[in-house]
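Keep the structure open and follow along.

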Amino acid sequence: MNPQAPVRAADADAHWLTVGRLRFRAWRGRRPFWAGLFTLLGGIPIMYFPYADLRLGNISLAMATTTGSTSLVIGILLVTLGLALWFQQNVRVFAGVATILLALVSLPVSNLGGFFLGFLAALIGGALALSWAPGVLVEEIPEAQDEEQRMADAFQGIPAPRDTETARVTETNAHADGGRNSAG
């Protein structure tokens, strides 16, 4: 093995599943992935339940509401916002606020927000979108610094004792007599 060979050369020998998993992990790390996933999953029950039929033998339960089209629009918007969080990271604040507002609107409009499943998932996704921030690369500290410079940098913010007292020391202020003041 060549010690000067690039690190990526080892990827060529790895299994295609390992390479795919590592690429997906790197892709996921550069965007608000979980916010988009929760937002997308929150839209599915919101748009599904108003159009669903539950059949129990000969009995059919319809959960349709009069605002079924509004539920469909809210669900499609949540799915779209989830995909936008994955592929357009710069809209994360707008998408987070819009997701939270749509989740709140889905409570009265869409069977209590998809029986609280879609509501809670969308609310968590919106909160994650608002709280996500892109990572910042940390610059490496040069190792050539001498020990004195590192110690001076370490104690930069700590206050040190003053070299001299103030110039206005009199018998009546607190600085007189070594800092003791008589109150009597």
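In helix H6, the buried residues are Gly 118, Phe 119, Ala 121, Ala 122, Gly 125, Gly 126 and Ala 129. Buried here means under 20% relative accessible area, exposed means over 50%, and partly exposed is in between, using a 1.4 Å probe and protein chains only. Helices (H or I, at least four residues) and strands (E, at least two) are DSSP runs, numbered from the N terminus. This is a predicted model, where local features need pLDDT of at least 70 and side-chain atom pairs count only at pLDDT 80 or more, while totals for chains, interfaces and linings use all residues. Residues are numbered from 1 along each chain as its sequence is written, and side-chain values use heavy atoms, with hydrogens and water left out.

So what covers the buried residues of H6? The cover includes H2, H3, H4 and helix H5 (111-115), going by contacts, that is, heavy atoms within 4.5 Å. The geometry of H6 checks out too: its 15 residues should span 21 Å at 1.5 Å a residue, and its end C-alpha atoms are 21 Å apart. That expected span is 1.5 Å times one less than the number of residues.

Now hop over to H4. This helix has 18 residues and reaches 25 Å from first C-alpha to last, close to the 26 Å expected. Its buried residues include Arg 92, Gly 96, Thr 99, Leu 102 and Val 109, and what covers the buried residues of H4 includes H2, H3, H5 and H6.

A nonpolar core is a set of buried Ala, Val, Leu, Ile, Met, Phe, Trp, Tyr and Cys residues joined through side-chain atoms within 4.5 Å. This core has 14 residues, and Ile 74, Leu 78, Leu 81, Leu 85 and Leu 102 touch the most other members. Two or more residues come from each of H2 (33-48), H3 (68-87), H4 (92-109) and H6 (117-131). For a close-up, pick Leu 78: leaving aside residues up to four places away in sequence, it touches Thr 39, Leu 40, Gly 42, Gly 43, Ile 46, Thr 99, Leu 102 and Ala 122.

Next, the surface. Val 93, Val 97, Leu 101, Leu 104 and Leu 130 form a nonpolar patch with about 400 Å² of accessible area together. Patches take residues with over 30% relative accessible area and no salt bridge, joining like charges within 9 Å and nonpolar side chains (Val, Leu, Ile, Met, Phe, Trp, Tyr) within 5 Å. A salt bridge is a side-chain nitrogen of Lys or Arg within 4 Å of a carboxyl oxygen of Asp or Glu, and accessible areas come from the Shrake-Rupley method with a 1.4 Å probe, where for residues only the protein chains shown count as cover. H4 supplies the largest share of this patch, four residues. Leu 130 sits in H6 and is partly exposed, at 34% relative accessible area.

Between these helices, look at the backbone. Most residues other than glycine have a negative phi. Asn 111, which follows H4, has a positive phi near 45°. Phe 115, in H5, has a positive phi of about 55°, and Phe 116, in the loop between H5 and H6, has one of about 65°.

Finally, zoom out. The chain has seven helices and two strands, and buried residues make up 26% of its 184 residues.
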